[in-house]
Amino acid sequence: MSIAKDKANEWLAATNLDQDAREQISLLLENQEELEEAFQNDLAFGTGGLRGIMGIGTNRINKFTVGMATQGFSNYLKSQFNSDIKVAIAYDSRNNSRLFGETTAGVFSANGIKVFLFEDLRPTPELSFAIRHLGCQGGVVLTASHNPKEYNGYKAYWEDGGQIVPPHDQNIIAEVQKIQSIDEINFNSNPSLIQTIGGDVDKAYLQMIHGLSLSKKEIENHSDLKIVFSPIHGTGITMVPKALEELGFKNVHVVEEQSVPDGDFPTVVYPNPEEQEAMSLALKTARNIDADLVMATDPDADRVGIAVKNSKGDFQLLNGNQTGALLVYYLLKKWNEKGLKGNEYIGKTIVTTELIRDIASAYDVNCYDTLTGFKWIADLIRSKEGKEIFIGGGEESYGYMIGEMVRDKDAVASSVMIAEMTAWAKDKEMSVFDLLIEVYEKHGFYYEELKSITKKGLKGAEEIKDMMINFRQNPPSQLAGSPIINTIDYLEGQKIDENGKKEPVDLPKSNVLQYLTADGTKVSVRPSGTEPKIKFYFSVKSELEGNDYFRTEEKLKNKVHNLLKDLNL
């Protein structure tokens, strides 16, 4: 008998299994290939929680795998906090997110834990805010971010409002792995411990966002700023238009075809604002009304993509590095006007543009690097709480955070700040694109590109492992004609210069390599933590040539092309 069949029969023998699940498993038992897809492996509770395709089986997202994760999380919370444990739960617009949210609430309550459950879908950053606002010890949001519609997921948070980091992540994983049967999940919900939340938390969250505003006069002057917004069928619709309106923006055009939450995401291939295709309806609306700014958020509204009119009069999508650099440039300009005290800082991830560091340096503000993933920026803030002040920061994958009150990337606060920045620029008779040119004139033109190589299955995983071994054993000595002056190996926790001198890197160990060249090029190599991919991040720079954005960009694109050839990619 196969492993998959054994595991399927174990589920059939469980008393916790409902009739609908039994019928689904019975159908799977008639199809060996589908049975193995569903039961051969276990959906791993990783360092951020669960993410996978929905359906019955140990390798799928369903009420039982969600219940198992919650039972393990409950057991760990009870081992860490003596009594009065509270958690907050939110969910997005994906199919079954509400069901999984209610399942999670039921299991927590069955284990004697007080639950604050949002009445309806809400953005992930509001969940992070709610944990801190309500004094919770943990939290969960049911989302698969911008994955295709077949997916869902379960992200776990700690009492600081950030996603779980060491040692809690591994300890929770150990508790989940101890659960051998779905009959060990306590599904006996205690309704008296489940409190519905909504309007009061919304109000507090919006007040916090409005408190971040730095240019109220400029917003008043340009309250008619033409803004196009799309939630791409997700949770952004619940907060972004309201936040913009309450701050004073009176001319917000929501893309109607994408305004209704829908887990099938009917108008897009992928609900990802990084994709031109996902932004196409918003761009169409923008052209029709001659908009000043286009913004779109992903299903759980933690990422935001933007488009602005360039010097040719065309709407141009900005990448995550450009938007992040613009936000930091604006924030530091405004904080500097108020008077910097010297203990403020910016945070970014190691694969995010060094332009952000250059901007911070111009204001004598520290810029700290973290590993990839916003949980590490949250961890950075926690470690500096009460000693230094976090102004803002972000990562190249369209996630940004303003201020310290939310400990995850926040597309709601970021959308508001981007709109404010646009009004501020307009008050100076500049567009956002003009502002980007100003940044490049002052700090150099940085161009970034990401190349992902997919390697599926066990063989693919071995190939990715071998590629990383080869880079460590046979590192390049130059890239695009420039010598490598520093190699950083985050797995070894050390930086090696061109003379072989070593110095430690003060970050948790991670399977990432970086090569820094004499001309400012940075190449980062890392296997993905959530997909069967190895990722190469390229960052190159030069002076802005003759104030010509497009000529400079083309030159740097060619340089990245040469880097790809040097690395045989």
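Student: Which residues lie nearest the centre of the second largest pocket?
Tutor: Ile350, Asp369, Tyr490, Val505 and Leu507 lie nearest its centre, and the lining runs to 29 residues. Keep in mind that this is a predicted model, where local features need pLDDT of at least 70 and side-chain atom pairs count only at pLDDT 80 or more, while totals for chains, interfaces and linings use all residues. Residues are numbered from 1 along each chain as its sequence is written, and side-chain values use heavy atoms, with hydrogens and water left out.

Student: What counts as a pocket, and what as a cavity?
Tutor: Both are sets of points on a 1 Å grid over the protein atoms alone. In a cavity, a 1.4 Å probe fits but cannot get out; a pocket is an open set with protein on both sides within 12 Å along at least five of seven lines. Lining residues have an atom within 4 Å of a point.

Student: What volume does the second largest pocket have?
Tutor: About 680 Å³. Volume here is the space filled by probe spheres set on the grid points, which are joined across faces, edges and corners.

Student: Which element gives the most to that pocket's lining?
Tutor: That's α14, with five residues. α13 (355-362), β13 (366-370), α14 (374-384), β20 (502-504) and β21 (513-517) each supply at least two. The helices (H or I, at least four residues) and strands (E, at least two) are DSSP runs, numbered from the N terminus.

Student: How does the second largest pocket's lining split by class?
Tutor: It has 13 nonpolar, five polar and 11 charged residues. Ala, Val, Leu, Ile, Met, Phe, Trp, Tyr, Cys and Pro count as nonpolar, Asp, Glu, Lys and Arg as charged, and the others, Gly among them, as polar.

Student: Switching to strands: how many residues of β12 are buried?
Tutor: Six of the six residues in β12 (344-349) are buried, meaning under 20% relative accessible area; exposed is over 50%, and partly exposed is in between (1.4 Å probe, protein chains only). Glu344, Ile346 and Lys348 point one way from β12, Tyr345, Gly347 and Thr349 point the other way, and all are buried.

Student: Which strand does β12 pair with in the parallel sense?
Tutor: One is β14 (389-395), over five bridges; two strands pair if DSSP finds at least two bridges between them. Gly347 has Gly393 as its bridge partner in β14. β12 also pairs with β13, again parallel and over five bridges, and Ile346 stands opposite Cys367 there. The chain gets from β12 to β13 through α13, in a right-handed β-α-β crossover. Right-handed means that, with the strands pointing away from the viewer, the path from the first strand over the helix to the second runs clockwise.

Student: What's the strand order in the open sheet of six strands?
Tutor: β1-β5-β4-β2-β3-β6, with mixed pairing. β1 (49-53) and β6 (194-197) stand at the edges with a single partner strand each, so one side of each has no neighbour in the sheet. β3 (114-118) and β6 pair in the parallel sense over four bridges, with Val115 opposite Ile194.

Student: Where's the cis peptide bond?
Tutor: Between Pro166 and Pro167, with omega about 0°. Pro167 is in the loop between β5 (151-158) and α7 (168-178).

Student: And Ser145, buried or exposed?
Tutor: Buried, because its relative accessibility is 3%. Ser145 is in the loop between β4 (138-142) and β5, and its phi is near 55°, a positive value in a residue other than glycine.

Student: What is the phi of Phe265?
Tutor: Near 45°, which is also positive in a residue other than glycine. Phe265 lies in the loop between β8 (252-254) and α11 (280-289) and counts as buried at 2% relative accessibility.

Student: Last one: how far apart are Lys565 and Leu479 in space?
Tutor: 9.5 Å, C-alpha to C-alpha, though 86 residues separate them in sequence. Lys565 lies in helix α18 (549-566) and counts as exposed at 53% relative accessibility.
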